[in-house]
Amino acid sequence: MLNESGCPQVEPGVGGAPLGWVGGATTRRKVHRCSYCSYTTMYTTGLKRHLLTHTGERPFMCPYCQYCTVTQYHLKRHIRVHEGKFQG
Ligand SMILES: [Zn+2]
Ligand SMILES: [Zn+2]
């Protein structure tokens with residue numbers, strides 16, 4: 001791939017609508033930025049989890065690992081992976 005003059009290389013997105021886009025000369029990658037503080041993350045899920053610290057909601061955390069989600073449904077589905085009942 002040839003670089004067009006003055007056009008920075010942009011990696012393909014992970015998919016989904018970006019919650020925030022920190023544009024600027026110093027940032028190449030898409031970064032999800034918290035609207036409450038200066039927290040930034042590369043992942044949408046990371047931002048969602050972080051936002052809970054501001055909204056006061058308690059996320060559903062996996063007892064086996066650091067997986068964290070905002071819905072019990074997703075947590076239950078995730079725990080199956082550890083219990084060996086479900087792969088993937
Ligand atoms: Zn924040
Ligand atoms: Zn887990």
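Which pattern does the protein follow, read along the sequence? Colour the model by secondary structure and trace the chain: the order is β-β-α-β-β-α. That comes to two helices and four strands. Keep in mind as you click around that this is a predicted model.

**The whole chain**

Stay zoomed out for a moment. Of the 88 residues in the protein, 2% are buried. Now think about contacts with a separation of 6 or more: residues 24 or more positions apart account for 5% of them.

**Helix H2**

Next, select residues 72-83, which make up helix H2.

Then look at what surrounds the helix. The number of buried residues among the twelve of H2 is zero, so this helix lies largely in the open.

**Gln 72**

Now pick Gln 72, which lies in H2. Is Gln 72 buried or exposed? Gln 72 has 9 C-beta neighbours inside 10 Å, and it counts as exposed because the cut-off for that label is 12 or fewer.

Pro 59 and Gln 72 sit 13 residues apart in sequence, and their C-alpha atoms are 8.6 Å apart in space.

**Last stop: Gly 84**

Finally, step just past H2 to Gly 84 and check its backbone torsions. The phi of Gly 84 is positive, at about 75°.

Terms used: Residues are numbered from 1 along each chain as its sequence is written. Chains are lettered from A and ligands numbered from 1 in the order in which they are written. This is a predicted model: local features need pLDDT of at least 70, side-chain atom pairs count only at pLDDT 80 or more; totals for chains, interfaces and linings use all residues. A residue is buried if 20 or more other C-beta atoms lie within 10 Å of its own, exposed if 12 or fewer, and partly exposed in between; C-beta atoms are placed from the backbone. Two residues are in contact if their C-beta atoms, placed from the backbone, lie within 7 Å.
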